[in-house]
Amino acid sequence: MKTRREFLKATAKAGALFSFAASAPRLLMRSALALPPGADQTILVVLQLSGGNDGLNTVIPFADDLYHQSRPTLRQVAAQAHRISDQLALHPRMAGFARLFAGGQLAVVQGVGCAKSDRNHPGAMHMWHTAEPQPPGPQTGWLGRAADQLWNPDTANLPAAFVGAIPQPFASNAERVIVPSLRSPRDLVCPPAKAGSAPGDRLLDGARRATSAAQANSVRIENVLKAHAGDYPQYRLADELRTIAQLIRADAGIRVFFTELGGGGIGGFDNHAGQLGNHCSLLEQLSASIAAFARDLQRDRLFDRVVLMTFSEFGRTLHENGRRGTGHGAAAPVFVVGGRAQGGLIGTHPSLADLDQDGQKVHTDFRRIYAELLDRWLGLDSREILGGAYAPVGMLRA
Amino acid sequence: MAPSAAFDPQWAWARFEPDAHRPWNLALAGHLYRRAAFGAAWPQLQRALADGPQQTLDRLLRPGAEAAAFNRQFDEYETPPGDDRSATELRAWWLQRMIRTPHPLLEKMTLFWHGHCAANNGKVESAPSLQRYLQLLRRHALGDFRALLAGLVQDAALFATFDAKANRRALPNPGFPRWLLEAHLGQASEQDIREAARAFSGWFVQLDQLRFIEREHDTGNKQILGSTGNFGADDVARLVLAQPATAAMLVRKLYRWLISETAEPAAALLAPLEAAFAKDYDVLALVETMLRSNLFFSPAAYRQRVKSPVEYALGMIQGLETSVATQPLGDALAGLGQNLLHPPTTRGWSGGRDWLNPATVAGRLRLADALLRGGPYSENLNLAALVQKHGQPATIFFAQLYVQDEPAAGSAPDPRHAAYAAVAQPEFLLA
């Protein structure tokens, strides 16, 4: 059986054989026939975990006595966790991640962070958002600069979108591209408009192209919304990932999606007291939502086109703070999920015997991950976006 | 951008006087109101048709005493007792002013300067400080650019926007001087920027007020743009104004704002305007020359700009002859990429074709639909009454009002459908 994509391609080639009602706007029909923009292109999903995720209770060094000694109330025991090596296990509530790991679709990049982080929320988050390029003081975020590189007004594409209800975090601030904040695919559905076809000049043709692209998107999204919406758990993050999956399925042409877990601001991952229950719940939301997203994309053979990456502004301290919480740390793991992710553990687990102010030391600069995603996944120029050259970590399959 | 066809500068900047070949008509009246205002209501277009272009421009450029009274009143509205206000309210008041003002060109130019040197509430976090910034822009929007620039380098909101709330002698912040030099000269050497930053040392923002702390000012000599002296921030502004590149840069930027963003104007075309502007930096005189010109009323300018979200929404609203709620409007415009007082960078909005992507066009059509339904914007919208008042079939009326053209094929006679069909045309995306 043909995939939907093969069908679209075949339709595009056979375009001349089809006839349409004479009243149909020419541009609109042309764009409905042609392969929509970006239909075969790779897609990046970036998920911000706001507040500083406790990497040590996410990827747990269960065989390390220092871990158990330092965390009398927060420690997780091996029996309940999901082993991913003879030293490490995923948190007990991350069954979905464990399945992805076993399937080779989850890369766990260890020891990632910004070496210069001052461990306060806004400052550290700003580093992850801007990627700290040279010269200092950038007015745009790294995803915004990626969107600007992807932007081509002549094709009326939509390079990037933020999906979520919080104010857009700075990472997607672009100089040129207007990155919409979407809560649902319906935000891109619009009432009908005729693009018109009388001879125009370059600017009017551009306005027509954008109008017909908006109309074509709208029609495709409405069709996707009529179809099965996928099986997702009842979490806000799951809804947002469903929205992203629907927009991918609708070929809305969006190459970069940005979303968030933790509620923005200082964020739900910032657990200075009573961490256990809250963190368990967040990890469950994270794992179950992403697993559902992966399953949903696989059903349409779209998982090979998508890579999802998580980040948080810092990890947390090894020791509990006496209030059953943890303080701001340094390095933490980054998760990379996708059909073409290089599944497995990447890099060593930073030693608990050699800490920096009670936080795990950073051995992998966060921009190496950005660079690999920009260069090898999106096909962009990471040096221009990051203001420097960074070696890839090998989290994507060739 | 393609270079424009060579226009004879003398012809281009001479006053447009309609004749049989270039008649004064509804299309040109609509064009004038899109550029020199935020669109027009039907009676304004009719009066413009009767008065002709130059007399209409007399009113748009110099509206008379009611404008000053209006602005005094709105300054009061904007300033409630106590300090209980937000940037969102200030944004709503500004939009309200744009809609109701008897001097729309003043607000249009205030918006221009906001994009030229763009304070950002994300950094300022103070409505009173932003209000003072906005009042500064408005005070000089059609005045003497030298006075505006002198005010800008003394504005607390801008220091905050440039992350320069503390300019210590040992570590002055280069952001503001970098903007000052680059935005006016096109480029600047790192050496000039470093030296200019020393000139800005001593300025601190405390409790939203700019303060000069003498002991933090670097009193040594600085070498900036080829001059040497114990310069301060005001001197850097003065040195920038003395460079011929500054007048040229502003003339080019205003050309893009008022005439065309599709063709790069030839140097010879702008030369006479630059020479005049460099003499006294009289913004009103420059704007007047551009708006009254043959070039402005020629095909080289007609629909050669993309409307910003503000122009798009207000273009519709002005035609409705009713008020709208500008708090939700401000949010909607932010969603379309133009969050007033919160621009993407200190260089404002890149604009032009960057305004239009499939998401923003879908958003514009949704906004149009909501505005014409009344939606959250207006309770007393009555399109049928509006159509009846002006005595034409709805399809013809709205097509003439919004695009000065024949109705789009298939327009329905229902007033709301007819209005939507008119503004949903790609032509309405252009200014």
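A crossing of two helices is called left-handed if the near helix is turned anticlockwise from the far one by less than a right angle, and right-handed if clockwise. With that in mind, let's look at chain B. This is a predicted model, where local features need pLDDT of at least 70, side-chain atom pairs count only at pLDDT 80 or more, and totals for chains, interfaces and linings use all residues. Residues are numbered from 1 along each chain as its sequence is written, while chains are lettered from A and ligands numbered from 1 in the order in which they are written.

The crossing of α22(B) and α23(B) is right-handed. On the α22(B) side, B:F398 and B:Y402 are among the residues making the contact, and B:P415 and B:V423 are among those on α23(B); being in contact means that C-beta atoms, placed from the backbone, lie within 7 Å. Helices here are DSSP runs (H or I, at least four residues), and strands are runs of E with at least two, both numbered from the N terminus.

Now for the side of chain B that touches chain A. Chain B puts 32 residues into that contact and chain A puts in 34 residues. The top giver on the chain B side is helix α20 (residues 358–373), with nine residues. Here is that side by class:

| Class on the chain B side | Number |
|---|---|
| nonpolar | 13 residues |
| polar | 12 residues |

Ala, Val, Leu, Ile, Met, Phe, Trp, Tyr, Cys and Pro count as nonpolar, Asp, Glu, Lys and Arg as charged, and the others, Gly among them, as polar.

Finally, a hairpin: β2(B) and β3(B) have two residues between them, and B:L207 takes a positive phi near 50°.

How values were computed. Contact = placed C-beta atoms within 7 Å. Pairing = 2+ DSSP bridges.
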